[in-house]
Number of protein chains: 2
Amino acid sequence: MTIEVPETPRLAGTSAPSTAGPVTSKGAGVHGEPSATGVRTRSQHQRRKRIIQAAAALASRGGVEAMQMRTVAERAGVALGTLYRYFPSKMDLVVAVVGEEIDLLESSIERRPPGAADPAGRAVDVLMRATRGLMREPELADALIRSLIMTEVETPFGDRMAGLLVRVAGERPGEGDGPTEEQVALAGSLASVWVHELLEMLRGRRTYEQIQWRIEIVATRLFADFPAAPPS
Amino acid sequence: MTIEVPETPRLAGTSAPSTAGPVTSKGAGVHGEPSATGVRTRSQHQRRKRIIQAAAALASRGGVEAMQMRTVAERAGVALGTLYRYFPSKMDLVVAVVGEEIDLLESSIERRPPGAADPAGRAVDVLMRATRGLMREPELADALIRSLIMTEVETPFGDRMAGLLVRVAGERPGEGDGPTEEQVALAGSLASVWVHELLEMLRGRRTYEQIQWRIEIVATRLFADFPAAPPS
DNA sequence: ACAGTTATTGGAATGTGTTCTAATTTCTGG
DNA sequence: CCAGAAATTAGAACACATTCCAATAACTGT
C-alpha cells in the first residue's frame, strides 16, 4: 500500500527523460478508436515512473528474482492488472528500466565527452565508463543485461549503444551524410562484444582489467580506419 | 508412458558423443560417499540420451515453450523427479542439447574442413556453416541460443565456439605452444558477434546475407594478423 | 541372497509470471 | 453536471518450473 521509492543510483548519476505511457488498449478495441498516442494524463507518467523506479530498486537488491511483478506493483502502489497494462510482460519492464539507464549514460557522456584522440580510444572510454557504472549495481546489471538479450521485445539496447559509439568514435563526417553502414556494423559489433564481456564479468569469469584489455584490442582493430573526428 | 523418439535432424547431420550421466547426489549426502563420477549404469546413459532427444524434438517444434519439463519427462519416459535429477533446471537441459549440437558441428567440420586460404575466411566459413545449420530449425535455434546466453550455468558455448575458431583460423603454430591469449580473445569476440547476429536474425532483423556481410567485415579485421595456417 | 545405499516413480505442493473478471474510479466531451 | 469510454483495482484463476515426499525398484559389496 505504501509508495515511497528511495534509492536508485546507478549508471551515471543524473535524471533523464523517459518515453511513452501506458499501453492504452491498442488492437481493435470493442468500440471507438483508442487514443493513438497512449499517454493521457500526467498521473500516468507518474505511475509509469513509479513503476520503473520500484522495479529498478527491487532489481538492484536481489536481481531479477527479487523483481517480482506482484512486488513491483505493490511497491509502485498500483494493481497487478495496471502494471500489466503498462508493461505487458516482465521483460518489457526490464527494457524500460534499461532505457533509463542508457539515458543516464548518454547524458553523462554529453556532460563529459571521452577525451581520447583516436576513435577506438573514445569508444573504449565510453564502454569502460558504462562498465564501471554497471558494476556499481551488479544485481541490477545482471538482471538487466540478461533479460535484454533474452527478450523478444524490440531491444534498442544494442542499437542505441552502437549509435552512441558511432557518434563518439567518428563524429559528423560531413553534414547530411551520416555514418557508413559499415561503421554502424562495426560499432554494433563492438557493442555486442562488450555486452558479452559484461556477461562474463557478471558470471565472475572476467575482471574489470581483463574486459578493458579485450575491449581495447577489439576496438583498435574494428575502428582502425574510422575517420578521425575533427578536433572540436 | 511411450518412449520412442523419432525426428532429430539439426545442425550438421551425424551422431556424436555425449557427456556425463545423472547428477548423482552430490553435496554432502546423509551417509557414504556418492559415486564421484556420476555415471553408473548403461541405462543411465540411455535415459540421459532419451531425455535430451525428447527435449530437442520438442524444442524443434514450438521452441522453449513447447519444451515443458513435464512433457519432456513424459516423452522421455521418466518421472519428473528423475528428469530433475539429471538436469537440475531447464537451462541445464538446454545446455546439454546445445552441447550435442556443437558436437555435430565439430564433427561436420572435421569431416569437411573450411577451404578458404586466409584465417578470416576459414572462420567465416565455419560460422556461416553453423548459421545455415541453425536456420534449419529456427525454433530450436532460438530457444537454445536465448537460453544459453541467459543462463547462470557454465556455458561452454562461447568458449567452445572460440576454440573452434582459433583452431580453424590459425592452425597449430608450432608444437607445444597453443594460441596466443590475444588470439583466443579475438576468436571469442568474433564468436560473440556471431551469436549476436544470430539473435538479430531470429528476431527477424537480419537476413542470411546481412549476417555474412557483417561477419566477414568483422572477421577480416579481427583476424588480420593471425598467423596464416601452414598449407596442409 | 542380504542389508544398505541410491535411483526412480507418481503425485502432491509451492512460487511466480500472466490472464481474467466484475466492480469502481477517473476522464472526456458536451 | 451527465453519459459513455477508458483506466484502475482487488483478487481469483491458470500455467509451468521447481521442490518435496513416501513408496518402490535397482544396484552394490559382501
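## Surface and model

The accessible surface of chain A comes to about 11300 Å², and 54% of that surface belongs to carbon and sulfur atoms. Accessible areas come from the Shrake-Rupley method with a 1.4 Å probe, and for residues only the protein chains shown count as cover.

This is a predicted model, in which local features need pLDDT of at least 70, side-chain atom pairs count only at pLDDT 80 or more, and totals for chains, interfaces and linings use all residues. Residues are numbered from 1 along each chain as its sequence is written, chains are lettered from A and ligands numbered from 1 in the order in which they are written, and side-chain values use heavy atoms, with hydrogens and water left out.

## Overall build of chain A

Chain A has nine helices and zero strands. Read from the N terminus, its elements run α-α-α-α-α-α-α-α-α. Helices (H or I, at least four residues) and strands (E, at least two) are DSSP runs, numbered from the N terminus.

Chain A has 232 residues, and 46% of them count as buried. Buried means under 20% relative accessible area, exposed means over 50%, and partly exposed lies in between (1.4 Å probe, protein chains only). Among contacts in chain A with a separation of 6 or more, 75% join residues 24 or more positions apart. Contact means heavy atoms within 4.5 Å.

## A positive patch

Which residues gather in a patch of positive charge on the surface? They are R111(A), R112(A), R132(A) and R136(A). A patch is made of residues with over 30% relative accessible area and no salt bridge; like charges are joined within 9 Å, and nonpolar side chains (Val, Leu, Ile, Met, Phe, Trp, Tyr) within 5 Å. Lys and Arg count as positive and Asp and Glu as negative, while His and the chain ends are not counted. The place of a charge is taken as NZ of Lys, CZ of Arg, CG of Asp or CD of Glu.

R111(A) lies in helix 4 (residues 90-111) of chain A. R111(A) counts as exposed because its relative accessibility is 52%. R136(A) sits in the loop between helix 5 (119-135) and helix 6 of chain A. R136(A) is exposed too, at 54% relative accessibility. R136(A) and S60(A) are 76 residues apart in sequence, yet their C-alpha atoms are 9.6 Å apart in space.

## Salt bridges between the chains

The whole structure holds 18 salt bridges over all chains. A salt bridge is a side-chain nitrogen of Lys or Arg within 4 Å of a carboxyl oxygen of Asp or Glu.

One of them joins the side chains of R221(B) and E182(A), at 2.5 Å from N to O. This pair crosses between chains, from helix 9 (residues 208-222) of chain B, which holds R221(B), to helix 8 (residues 181-202) of chain A, which holds E182(A). R221(B) is buried, at 16% relative accessible area. E182(A) is partly exposed, at 29%.

R221(A) forms a salt bridge with D225(B), with the closest N and O atoms 2.7 Å apart. R221(A) lies in helix 9 (residues 208-222) of chain A and D225(B) in the segment after helix 9 of chain B, so the pair joins two chains. Is R221(A) buried or exposed? R221(A) is buried, with a relative accessible area of 17%. D225(B) is exposed, with a relative accessible area of 52%.

## Salt bridges within a chain

In chain B, R206(B) forms a salt bridge with E197(B). The closest N and O atoms are 2.6 Å apart. R206(B) and E197(B) are both buried. In chain A, a network of salt bridges links D103(A), E106(A), R160(A) and R167(A).

## Buried residues

A143(A) is found in helix 6 (residues 138-150) of chain A. A143(A) is buried, at 1% relative accessible area. Leaving aside residues up to four places away in sequence, A143(A) touches G63(A), V64(A) and V94(A). A143(A) and V64(A) are 79 residues apart along the chain, with C-alpha atoms separated by 5.0 Å.

F226(A) lies in the segment after helix 9 of chain A. F226(A) is buried, at 7% relative accessible area. Beyond its neighbours within four places in sequence, F226(A) is in contact with P119(A), A169(A), G170(A), Q183(A) and L186(A).
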